[in-house]
Amino acid sequence: MAKMKICGLQKTTLLDYPGKVAATVFLGGCNFRCPFCHNSDLLGGDAPELMTAEELLTFLRRRQGILEGVCITGGEPTLWPDDAAELMLRIKEMGYQIKLDTNGYRPQVLKELCGLGVVDYVAMDIKAGRRHYAEVCGAGRPDRAAAGAAHSADGSSGQLGFRLDSIEESAAWLMEGHVPYEFRTTTVKGIHTAEDFTDIAAWIGGCERYFIQGFVDSGHVLKSGFSAYKRAELDEFLDIVKKTIPGAEIRGVDY
Ligand code: SF4
């Protein structure tokens, strides 16, 4: 994929941007292939474009005064540093608050986008405990020393290794408090166990906000066969992380 594509738009959401009425913009392309991804049709270079940036800006201009925020999600928005920066600058000029969703694999781009002053809130995935992080991202074996991306945006596989230290760098930078942020883990039966949450508690203990989310089978999941933990089971994971993140919460799970 040579250019950023807007592949989806949720015109109004009360859920995606904490405390704000927002729209959510889905950018195509991702450098991960999380098997439980529920946006699997957005990941590759062949994801169909829904609208141009100009059409999106026209829509947002019409919604000024109605919407408060815009969530930029994916796919993985940091794959498109220049195009995403320009889009976010123009959205910001309209007075919107901007939330950026990221998998944290491109810390330099995350820092640059935040440095432009266009990001008001970052939501970064903590996919799993570090022991099997690469596998959970669909990127093979963890390798701190290897160079290169896990997957290119066009979906080719990661022959060059997976950089866990990139994820760690993004998390550590957010925890320095440059911009309001949250971490969140989508929890999937068959992938996550208590061991993941023991490591997450050790890793990001003391962070500002952390949410455990339940897996939802959207019908567009990359690999079928996963299921969700029940609320009572998630409560056990929550107890583990609360030891170092007292404000941790379960979000959006009432079953
Ligand atoms: S990071 Fe994983 S869950 Fe998020 S869009 Fe990419 S493949 Fe899907």
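I began with Ser166. Ser166 counts as buried because its relative accessibility is 10%, where buried means under 20% relative accessible area, exposed over 50% and partly exposed in between (1.4 Å probe, protein chains only). This is a predicted model: local features need pLDDT of at least 70, side-chain atom pairs count only at pLDDT 80 or more, and totals for chains, interfaces and linings use all residues. Residues are numbered from 1 along each chain as its sequence is written, and side-chain values use heavy atoms, without hydrogens and water.

I placed Ser166 in helix α5, residues 164-175. I then set aside its neighbours within four places in sequence and found Ser166 in contact with Gly104, Tyr105 and Pro107 (heavy atoms within 4.5 Å).

Next, the ligand. Which residues are around it? I listed Cys30, Phe32, Arg33, Cys34, Cys37, Leu43, Gly75, Asn103 and Lys127 (a heavy atom within 4 Å of the ligand). I sorted this shell into 5 nonpolar, 2 polar and 2 charged residues; Cys counts as nonpolar and Gly as polar in that scheme. Cys30, listed in the shell, counts as buried because its relative accessibility is 8%.

Last, the cysteines. How many disulfides does a search of the whole structure find? I got 0, with a disulfide taken as a pair of cysteine sulfur atoms within 2.5 Å. I checked Cys71: its sulfur is 14 Å from the closest cysteine sulfur, in Cys114, so the gap is too far for a bond. Cys71 is buried too, with a relative accessible area of 0%.

Conventions. Helices (H or I, at least four residues) and strands (E, at least two) are DSSP runs, numbered from the N terminus.
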